[in-house]
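Take a look at the chain below. We will follow its charged contacts, then its aromatic rings.

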Amino acid sequence: MRRELVVLAAVVALAGCAAQQKTAPGAQTPGVTDTTVKVGGVLTKTSASGYSTKDAELGARARFERANAAGGVHGRKIEFVGAEDDTQDAAKGDAAAKKLVQKDKVFALVPVHAPNFGGAVFLEQQGVPWFGWATGPQWCGTRTGFGYNGCLAPKPGAGSQTWWGNQMADLLGGASGKTVYVQTSDSSGSKYGGKTISQSFQAAGFTLVGLNSALPGAAPPADWLPYVNKIMTSDGGAPPTSSCRSSRAPSSTSASTPR
């Protein structure tokens with residue numbers, strides 16, 4: 001529900017911005033008419049590992065329809081052209097962004113739920129707004145890109161996101177004296193996620209005893225024992241106080257096992 005509200009708030013803001021945007025006589029803001037605002041998204045609907053954010057299209061469409069039924073935003077209905085599938089491939093994400101802007105003539109990309117999204121540079125160059133689930137460095141330092149959850153990896157000296165670590169500390173009664181091991185797959189998105197999640201735990205006060213980003217992302221390993229053994233002996237020969245699994249995307253589910 002929170003993400004749906006953020007999506008709607010984003011479109012409301014975009015509609016207001018579009019309404020105020022000055023254009024040359026006879027010109028029209030791309031994707032905006034007197035009665036509509038056209039948007040489209042980029043999702044990882046399919047991938048070799050089975051990871052998918054395809055359901056985000058259903059949620060976005062339902063929320064836009066609800067807004068339209070209530071009169072739209074600033075007198076304009078939201079025209080959602082659907083979401084492209086980047087298959088968790090950066091090049092395909094770039095191509096999808098270009099299609100939406102150059103062929104479909106959308107005003108903005110929303111939602112963008114693709115851990116390895118490759119269209120950021122193009123959208124920034126074109127000045128096209130894009131909103132979505134921030135899962136990588138492409139969401140940091142942008143002019144037109146806005147992540148629902150902010151930038152996960154600010155520039156050095158600007159601090160670090162601590163959401164994961166703080167949440168786990170709350171669940172475990174504090175981080176003092178507790179250790180953590182982070183396991184991710186070998187996809188680019190998960191490797192990035194493992195790094196930022198590790199920083200999050202350390203910033204919250206945990207001691208990081210291991211980070212392994214070698215789990216095959218394309219298919220389950222033939223033998224899980226080597227990965228399990230690393231975890232179970234990572235804290236001086238013993239298991240860590242807690243473990244975090246990020247095997248699909250930078251913000252996947254965390255699991256904790258108090259010792």
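Is Asp104 buried or exposed? Asp104 is buried, because its relative accessible area is 17% and the cut-off for buried is under 20%. Keep in mind that this is a predicted model.

Now see what Asp104 touches. Its partner is Lys99, in a salt bridge whose closest N and O atoms are 2.8 Å apart. Lys99 has a relative accessibility of 28%, so Lys99 counts as partly exposed.

Another one of them joins Lys45 and Glu57, with 2.9 Å between the closest N and O atoms. This pair links distant parts of the chain. Lys45 sits in the loop between β1 (36-43) and α2 (55-69), while Glu57 belongs to helix α2. The two are twelve residues apart. Glu57 is buried, because its relative accessibility is 14%. Lys45, at 23%, is partly exposed.

Lys54 and Asp55 give one more example. Their side chains meet in a salt bridge at 3.4 Å, N to O. Lys54 has a relative accessible area of 45%, so Lys54 is partly exposed.

Next come the rings. A pair of aromatic rings is described by the distance of the centres and the angle of the planes. The whole structure holds six aromatic pairs. One of them is Phe64 with Phe80. Their centres are 5.2 Å apart, the planes stand at 70°, and the pair is edge-to-face. Phe64 lies in helix α2 and Phe80 in strand β2 (residues 77-85), so this contact ties together parts that are 16 residues apart in sequence. Phe64 is buried at 2% relative accessibility. Phe80 is buried too, at 12%.

Phe131 and Phe146 make another pair. Their ring centres are 5.2 Å apart and the planes meet at 25°, so this pair is stacked. It also links distant parts of the chain. Phe131 is in strand β4 (residues 130-132) and Phe146 is in strand β5 (residues 145-147), 15 residues apart. Phe131 counts as buried, because its relative accessibility is 11%. Phe146 is partly exposed, with a relative accessible area of 40%.

Which residues form one aromatic cluster? They are Phe117, Trp130 and Trp139.

Note on methods. Residues numbered from 1 in each chain as written. Predicted model: local features only at pLDDT ≥ 70, side-chain atom pairs only at ≥ 80, totals over all residues. Heavy atoms only, no water. Salt bridge = Lys/Arg side-chain N within 4 Å of Asp/Glu carboxyl O. Helix = DSSP H or I, 4+ residues; strand = E, 2+ residues; numbered from the N terminus. Buried < 20%, exposed > 50% of the residue type's maximum accessible area, 1.4 Å probe, protein only. Phe/Tyr/Trp six-rings, centres within 6.5 Å; stacked < 30°, edge-to-face > 60°.
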